[in-house]
Structure formats: structure tokens, C-alpha cells
Amino acid sequence: MVMKKILFIMAMVSFALTASAQDNEAPKSEYIPVSQYWKEHNIFQHLDLSVTAGTTGIGLEVSSPITDMFQVRLGYDFTPRIKYRIRLWAIMGGVPAGDSDKFSRMSTIMESFTGFKLDDHIDMDTRLTMNHVKLLFDVFPFKNNKHWHFTAGFYYGSNKVAIADNCTAAMKSLLTIGMYNRMYERAEKGLPLIDFFSMAMAMGMDEDEADEFISRNHLNVIPVDLYERMLAAGRLGYDLGYFTHDMVDDNGVSHKKDERYNYEPGEDGMAHVKAMANRFKPYLGFGYGGRLIKGRDDWHVSFDAGALFWGGAPALYTQDGVDLVRDVRDIFGQVGDYVSKLKVYPVLNLKITKRIF
């Protein structure tokens with residue numbers, strides 16, 4: 001009898017617990033581990049290493065899928081130091097040197113002073129200096145065609161994208177032009193072409209001794225005819241077009257609109273130009289790729305085409321602060337061919353890819 005009561009009580013408790021569990025039970029979602037989810041959705045399941053070459057230079061990339069339709073790429077590009085030579089033609093008093101008898105005469109005079117022949121041109125070596133880190137996202141919009149992709153992202157790197165410097169052979173002409181223009185400035189002021197007084201002071205003489213030295217040796221006599229010829233000939237420099245507006249410095253208007261830009265060597269006796277753009281450059285493009293080796297999925301080749309938006313046309317600054325893009329028009333010769341007002345940089349790259357895993 002006691003055993004029956006115990007069995008009855010246990011049955012009732014079991015029934016009550018079962019009913020309670022059924023009443024309190026709520027639907028639960030099935031837990032999926034992160035690694036399994038990434039695998040099922042093809043997120044970071046592969047890593048590719050690529051070598052690129054094209055208009056942005058030579059570079060390396062690593063890439064990985066983030067879904068079946070998207071891929072992320074991280075890379076670095078740099079441009080090799082390949083030089084391109086351009087030529088600047090001299091002008092004297094606004095007249096091209098090749099058409100000026102005055103240039104020929106003044107060239108002979110300056111050669112007698114310096115021992116260097118003054119050429120009617122100089123050559124400059126230009127080269128790209130771009131280097132960038134890039135972050136790009138590819139989308140494969142066609143479900144059954146993984147060859148085509150569209151890309152958006154950005155490049156970040158140097159703001160100086162190109163430079164141009166005079167070649168070594170041009171240095172003698174640049175130094176001679178610098179000396180001629182200094183003499184020209186002294187002629188405008190009616191001073192001796194060469195500052196013999198400062199030279200005498202540098203030799204250790206005091207002012208009275210320097211005056212006596214100059215007077216005794218007749219070094220202060222002004223060759224009037226030479227002055228007149230020099231002033232009639234005009235300044236020496238290189239033809240880089242006409243100013244598009246008045247150029248203003250701390251002393252006021254230094255050059256008027258439509259005045260010819262007489263490009264001269266800087267204080268270091270050399271010629272420099274640098275191209276400047278934004279460091280941050282958005283990118284938009286597209287590409288096409290496929291297997292490099294038939295029957296193998298671990299080697300691929302692809303082509304990318306697009307544009308870098310570098311914040312408007314890059315500025316081209318000479319060493320005296322003139323922007324050849326915005327401050328000058330009608331630039332003559334090869335320099336004019338190189339002055340670009342493109343607001344985007346064209347990108348065309350070839351990429352060879354090896355799957356790491």
C-alpha cells in the first residue's frame with residue numbers, strides 16, 4: 001500500500017514538471033559558430049597576393065573575399081625613377097634667343113666674363129614621384145560571371161606627384177643667365193656692372209682704401225655703350241607663356257596680366273618645377289580577370305581601368321612660386337605639352353595574382 005502511494009506521488013510530480021516545462025518552453029534560434037558562418041558566406045576564406053604594374057607604378061596587393069559578391073584589397077604602389085627630358089628655350093627682352101642678334105652678342109660678352117658659352121636652351125629632367133597606400137573594394141555584380149568587377153576606394157600618399165630639375169649640362173647656362181640678370185639690374189640703376197667696391201671690401205680693405213683702389217685702377221668707369229646695349233637687349237630667361245592675371249607679392253604687383261613670363265634660375269642658380277596634388281585621392285574603376293594558367297585556379301591575371309580624383313588639376317610650381325597651370329597661358333614648346341589641366345589621373349594596371357590559401 002505504501003509502495004503504491006509512493007509510485008503515485010512520483011507519477012504526479014513527473015507529470016507536473018513535464019507540464020511546467022512545456023508551458024515555459026520558448027522557441028530558440030539555432031546557434032551557428034562564427035567560423036562556420038564566415039565559411040558558409042565566404043568571408044575571409046582566401047588570401048591572394050598580387051603584383052601590379054601600370055600608370056600608378058609598381059606595387060603589391062593582398063586581397064580577400066568578404067562575401068560571394070565583394071572583395072577587399074590593400075596595397076602599396078610607387079613609381080620608378082624614370083626620367084623624361086624636356087627643353088626650355090631662352091628669350092631676351094621677350095624675343096626668342098634663336099631669332100635675336102642681341103642674344104648672340106650678349107652671349108659672346110658673357111662668355112668673355114665667365115668663360116662659359118651661353119646656350120639658347122636648357123634641358124630639364126622630369127619624373128613622377130608618386131607613392132600610395134590604397135584600400136579598394138571590388139563588387140562582382142554578375143552572379144554567374146566572376147570575370148567583371150567594379151571598384152571603389154581611395155589612394156593615400158605623397159602630395160608631390162612629379163618634379164623637374166635642370167640637367168647637369170644646363171648649369172653653366174643657368175649660372176651665366178643669373179650673372180647677366182644681376183648685371184642688367186645694376187645697369188638699370190646706373191651702377192658699375194660688377195660690384196668692385198664689395199669685392200675690395202671682401203679683400204680686407206676699408207671704405208677709404210676701396211675707394212682709392214677703384215679710382216686708381218679706373219674700375220668705376222661706366223662703359224656707357226655697353227650699358228645702353230644691355231638695357232636695349234633686355235633681361236634673359238626662358239619662355240613660359242603669359243600671365244593670366246596680375247601677380248602680387250609683398251611689394252605690390254610684380255607682373256601684370258598678359259605680361260610675358262620670363263622664367264629665370266633661382267637663388268641656387270638652378271631651375272625647379274614640382275607638381276602638387278591632394279594626398280587623399282578617391283578612386284573609381286572597373287576590371288576584368290580570369291585564369292592565368294588553364295585548369296588552375298590559383299593563378300589569375302586581371303586588368304583594371306579607372307580614375308584617381310586628385311582634387312582638381314595639380315599645381316605646377318616653379319621655384320619662384322608661379323603656378324604654370326593657373327597663372328600662365330600659352331606655354332611654349334614641350335613644357336606646354338606637359339602642363340595638364342586634367343582633374344583626374346587615368347589608371348590602367350595589369351595584375352598577376354597567386355592564391356596563398
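Trainee: At what angle do helix α3 and helix α4 pack, and how is that orientation classed?

Mentor: This is a predicted model. In it, helix α3 covers residues 101–114 and helix α4 covers residues 171–188, with their axes 11 Å apart. The two pack at an angle of about 100 degrees. Angles of 65 to 115 degrees count as roughly perpendicular, so α3 is classed against α4 as roughly perpendicular.

Trainee: Which residues make that contact, and how many of them are nonpolar, polar and charged?

Mentor: From α3 come Met106, Met110, Phe113 and Thr114. From α4 come Thr176, Met179, Tyr180 and Met183. By class, the contact of α3 with α4 has six nonpolar, two polar and no charged residues.

Trainee: Which residues touch the most other members of the largest nonpolar core, and which element gives that core its largest share?

Mentor: The core holds 55 residues, and the most contacts with other members belong to Tyr180 and Leu324. Six residues of this core, its largest share, come from α4.

Trainee: Beyond four places in sequence, which residues does Tyr180 touch?

Mentor: Tyr180 is one of the α4 residues in the contact with α3. Its partners beyond four places include Met106 and Met110, both of which belong to the α3 side of that contact.

Trainee: Is Asp77 buried or exposed?

Mentor: Asp77 lies in strand β3, residues 70–78. Its relative accessibility is 0%. The cut-off for buried is under 20%, so Asp77 counts as buried.

Trainee: What does Tyr156 touch, and how does its accessibility class read?

Mentor: Tyr156 lies in strand β8, residues 148–157. Not counting residues up to four places away, Tyr156 touches Asn131, His132, Val133, Arg279 and Phe280. Asn131 is 25 residues from Tyr156 in sequence and 8.3 Å away, C-alpha to C-alpha. With 44% relative accessibility, Tyr156 counts as partly exposed.

Trainee: Where does Asp258 lie, and what is its phi?

Mentor: Asp258 is in the loop between β12 (252–255) and β13 (260–263). Its relative accessible area is 41%, so Asp258 is partly exposed. Its phi is positive although the residue is not glycine, with a value near 75 degrees.

Trainee: What is the phi of Asp330, and is this residue buried or exposed?

Mentor: Asp330 sits in the loop between β18 (328–329) and α8 (333–338). Its phi is near 55 degrees, positive in a residue other than glycine. Exposed means over 50% relative accessible area. At 51%, Asp330 therefore counts as exposed.

Trainee: Over which residues does pLDDT stay under 50?

Mentor: The chain averages a pLDDT of 83, and 86% of the residues score at least 70. Where pLDDT is low, the predicted coordinates should not be read in detail. The stretch in question has zero contacts beyond four places in sequence, and pLDDT stays under 50 over residues 2–24.

Key:
Residues are numbered from 1 along each chain as its sequence is written. This is a predicted model: local features need pLDDT of at least 70, side-chain atom pairs count only at pLDDT 80 or more; totals for chains, interfaces and linings use all residues. Side-chain values use heavy atoms; hydrogens and water are left out. Axes are lines fitted to C-alpha atoms, for helices over the stretch in contact, and angles run from 0 to 180 degrees between N-to-C directions. Helices (H or I, at least four residues) and strands (E, at least two) are DSSP runs, numbered from the N terminus. Angles under 35 degrees count as roughly parallel, over 145 as roughly antiparallel, 65 to 115 as roughly perpendicular and the rest as oblique. Contact means heavy atoms within 4.5 Å. Ala, Val, Leu, Ile, Met, Phe, Trp, Tyr, Cys and Pro count as nonpolar, Asp, Glu, Lys and Arg as charged, and the others, Gly among them, as polar. Buried means under 20% relative accessible area, exposed over 50%, partly exposed in between (1.4 Å probe, protein chains only). A nonpolar core is a set of buried Ala, Val, Leu, Ile, Met, Phe, Trp, Tyr and Cys residues joined through side-chain atoms within 4.5 Å. pLDDT is the predictor's confidence in each residue, from 0 to 100.
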